[in-house]
Amino acid sequence: MQRNCKQNNCSRFQPGGTITSANVTSADCLSNMALLLRTLARQGVCLSRPHYGVLYRHAAPMGTTAKDEMNKFWAKNAKLNRPMSPHLTIYKWSVPMMMSITHRGTGVGLSGAISAFALAALVLPGNYPYYLDLIHSLSVGPYLIGLAKFGIAFPVSFHTYNGIRHLWWDIGKGFRIPEVYRTGYTVIALSVITSIAVALL
């Protein structure tokens, strides 16, 4: 069936099955298309017909569960000896990978800590010197205070130094593998040195 809709010349589809050519508007073309689809639907064109099986032969049977389909999927992969995609339990860990995860973790931790500190400053009674004196009155000892300082300073310094490293990457520098490892070790060393210096103050 060939229909021409150029220059509003469209083939008119009659309910009886005959096709006549006439000059019609675009709205007539659309109505003829709708009439054609309705006629095909009345003739029983559906996916249940055997000759339309190509459209649904890959669909999962309605009686199977998701677990059954996953078992079939893994059995097929094992039969074809397909490699398994890397994930945390089998992937070989590296310095860039650990630094990437640590960067995200310190970012989330710092955001949460700053938000909690701001919320506490709003809702708790008293002011900052009062709580600072309260901490000093606990007599926790210099080692525990130094450890707490290190625990606060390391995420800040690491996230800052590694953020500078990411800015260096943003300008297209330092993407070679030796440079990635060298800058990574530099960030770790600077973070530890800075944290120790803050803890000793």
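Me: Which residues of H3 and H6 meet each other?
Reply: On the H3 side they are Val 95, Pro 96 and Met 99. Their partners in H6 are Val 180, Tyr 181, Gly 184, Tyr 185, Val 187 and Ile 188. Keep in mind that this is a predicted model.

Me: Thanks! At what angle do H3 and H6 pack?
Reply: The angle is about 50°, and the axes are 10 Å apart. That makes H3 oblique to H6.

Me: And is the crossing of H3 and H6 left-handed or right-handed?
Reply: The crossing of those two helices, H3 and H6, is left-handed.

Me: Let's stay on H6. How many residues does H6 have, and how far does it reach?
Reply: H6 has 24 residues and spans 35 Å from its first C-alpha to its last. That is close to the 34 Å expected at 1.5 Å a residue.

Me: Which residues of H6 are buried?
Reply: They are Val 180, Gly 184, Val 187, Ser 191, Ser 195 and Ala 199.

Me: What do the buried residues of H6 pack against?
Reply: They pack against H3 and H5. As background, an α-helix has 3.6 residues a turn, so residues three or four places apart point the same way.

Me: Nice. Can we zoom in on Ser 195? Why does Ser 195 count as buried?
Reply: Ser 195 counts as buried because its relative accessibility is 0%, and the cut-off for buried is under 20%.

Me: What does the side chain of Ser 195 reach?
Reply: The side chain of Ser 195 reaches the backbone nitrogen of Phe 154, at 3.2 Å. Leaving out residues up to four places away in sequence, Ser 195 touches Phe 150, Ala 153, Phe 154 and Ser 157.

Me: How do H5 and H6 pack?
Reply: H5 (residues 142–170) and H6 (residues 177–200) pack at about 150°, with axes 8 Å apart. That makes H5 roughly antiparallel to H6, because angles over 145 degrees count that way. The crossing of H5 and H6 is right-handed.

Me: Tell me about Asn 162, then. Is Asn 162 buried or exposed?
Reply: Asn 162 counts as buried, at 0% relative accessibility. The side chain of Asn 162 makes a polar contact with the side chain of Arg 165, at 3.0 Å.

Me: Leaving aside neighbours within four places in sequence, what is Asn 162 in contact with?
Reply: Asn 162 is in contact with Met 99, His 103 and Val 187.

Me: So how do H3 and H5 pack?
Reply: H3 (residues 95–123) and H5 pack at an angle of about 125°, with their axes 9 Å apart. H3 and H5 are therefore oblique to each other, and their crossing is left-handed. Among the H3 residues that meet H5 are Thr 102, His 103 and Leu 110, while the H5 residues include Pro 155, His 159 and Asn 162.

Me: Change of topic: what's up with phi at Asn 81?
Reply: Phi of Asn 81 is near 55°, a positive value in a residue other than glycine. Most residues other than glycine have a negative phi.

Me: Where is Asn 81 found?
Reply: Asn 81 is in the loop between H2 and H3. Asn 81 is exposed, with a relative accessible area of 66%.

Me: And how many residues does H2 have?
Reply: H2 (residues 66–79) has 14 residues, and its span of 20 Å is close to the 20 Å expected.

Me: What about Ile 135?
Reply: Ile 135 lies in H4, residues 128–137. Ile 135 is partly exposed, at 47% relative accessible area.

Me: Last one: how many helices and strands does the protein chain have?
Reply: The protein chain has 6 helices and 2 strands, and from the N terminus on they run β-β-α-α-α-α-α-α. Of its 201 residues, 16% count as buried.

How values were computed: Residues numbered from 1 in each chain as written. Predicted model: local features only at pLDDT ≥ 70, side-chain atom pairs only at ≥ 80, totals over all residues. Heavy atoms only, no water. Helix = DSSP H or I, 4+ residues; strand = E, 2+ residues; numbered from the N terminus. Buried < 20%, exposed > 50% of the residue type's maximum accessible area, 1.4 Å probe, protein only. Polar contact = N/O pair within 3.5 Å; in protein donor to acceptor, adjacent residues only side chain to side chain. Contact = heavy atoms within 4.5 Å. Expected span 1.5 Å × (residues − 1). Axes fitted to C-alpha atoms, helices over the stretch in contact; angles between N-to-C directions. Parallel < 35°, antiparallel > 145°, perpendicular 65-115°, else oblique. Left-handed = near helix turned anticlockwise from the far one by under 90°.
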